[in-house]
Amino acid sequence: MATRHPSIASKAAKAAKAARVAKAKRHATEGKNTVVTPVSKSYTDPRDVLLKPVVSEKSYALLDENKYTFIVDPNANKTQIKQAVQAVFSVKVTGVNTINRQGKRKRTKTGFGQRAGSKRAIVTLAEGDRIDIFGGPTA
């Protein structure tokens with residue numbers, strides 16, 4: 001939303017802004033949290049964010065670079081994914097990349113259908129940290 005210069009803003013807009021600023025100051029002095037996360041965006045358990053690890057040739061190739069791949073909840077953002085991996089596996093996460101993959105179009109006897117899409121996260125861990133769910137080193 002574009003903000004107007006104060007000289008061309010309407011009197012009602014100026015009054016509304018003043019009221020918002022006053023309310024924010026009042027809440028800050030009272031110690032109230034003015035930002036409330038809706039229930040639909042919050043996860044009670046970090047395992048709700050991480051659905052399952054991706055087991056594929058490409059994901060195993062990334063293990064050498066200390067990168068791990070997970071299928072995650074489609075509504076989760078990078079911050080929530082990072083917090084979930086740190087909470088579940090007790091490791092330090094340095095970066096999170098996400099990919100929204102569309103489902104493949106498949107042909108059936110009756111016509112065409114589509115597989116469900118998924119969201120994947122490639123999580124980079126700090127040097128020295130490991131996740132052992134993918135198995136140990138191949139010797």
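This is a predicted model: local features need pLDDT of at least 70, side-chain atom pairs count only at pLDDT 80 or more; totals for chains, interfaces and linings use all residues.
1. At 47% relative accessibility, Ile133 is classed as partly exposed; buried means under 20% relative accessible area, exposed over 50%, and partly exposed in between (1.4 Å probe, protein chains only). Ile133 belongs to the segment that comes after β6. When residues up to four places away in sequence are left aside, Ile133 touches Pro53, Phe70 and Phe89, where contact means heavy atoms within 4.5 Å. Pro53 lies 80 residues from Ile133 along the chain, and their C-alpha atoms are separated by 8.5 Å.

2. Residues are numbered from 1 along each chain as its sequence is written, and side-chain values use heavy atoms, with hydrogens and water left out.

3. The protein contains 3 helices and 6 strands. Helices (H or I, at least four residues) and strands (E, at least two) are DSSP runs, numbered from the N terminus. Read from the N terminus on, the elements follow the order α-β-α-β-α-β-β-β-β. Of the 139 residues, 24% count as buried. Among contacts between residues at least 6 apart in sequence, 58% join residues at least 24 apart. The accessible surface comes to about 10800 Å², and 52% of it belongs to carbon and sulfur atoms; such areas come from the Shrake-Rupley method with a 1.4 Å probe, and for residues only the protein chains shown count as cover.

4. Helix α1 covers residues 11-30, which is 20 residues. From its first C-alpha to its last, α1 reaches 29 Å, close to the 28 Å expected at 1.5 Å a residue; the expected span is 1.5 Å times one less than the number of residues. Gly31 follows α1 and has a positive phi, near 80°.

5. Four strands form an open sheet in the order β1-β2-β6-β3, with antiparallel pairing. β1 (50-53) and β3 stand at the edges with a single partner strand each, so one side of each has no neighbour in the sheet. From one strand to the next, the twist averages 35°. Helix α3 packs on this sheet and touches β1, β2, β3 and β6. The direction of α3 makes about 120° with that of β3; axes are lines fitted to C-alpha atoms, for helices over the stretch in contact, and angles run from 0 to 180 degrees between N-to-C directions.

6. Strands of a sheet pair through backbone hydrogen bonds, either parallel or antiparallel. Here two strands are said to pair if DSSP finds at least two bridges between them. β2 and β6 pair in the antiparallel sense over 6 bridges. In β6, Thr124 is the bridge partner of Lys67, and Val123 is that of Tyr68. β3 and β6 are also antiparallel, over 8 bridges, and Asn97 has Ile122 of β6 as its bridge partner. In β6, 7 of the 8 residues are buried, so this strand is largely enclosed by the rest of the structure.

7. The largest nonpolar core has 16 residues. A nonpolar core is a set of buried Ala, Val, Leu, Ile, Met, Phe, Trp, Tyr and Cys residues joined through side-chain atoms within 4.5 Å. The residues with the most contacts inside this core are Leu50, Phe70, Ile81, Val85, Val123, Leu125 and Ile131. At least two core residues come from each of β2 (67-72), α3 (78-89), β3 (93-101) and β6 (118-125).

8. Two backbone angles deserve attention. Most residues other than glycine have a negative phi. Asn66, which is not a glycine, has a positive phi of about 65°. Asn66 lies in the loop between α2 (57-62) and β2 and is buried, with a relative accessible area of 14%. Not counting residues up to four places away in sequence, Asn66 touches Val123, Thr124, Leu125, Ala126, Glu127, Gly128 and Asp129.

9. Ser90 likewise has a positive phi, near 55°, in a residue other than glycine. Ser90 is found in the loop between α3 and β3. At 63% relative accessibility, Ser90 counts as exposed, whereas Asn66 is buried.
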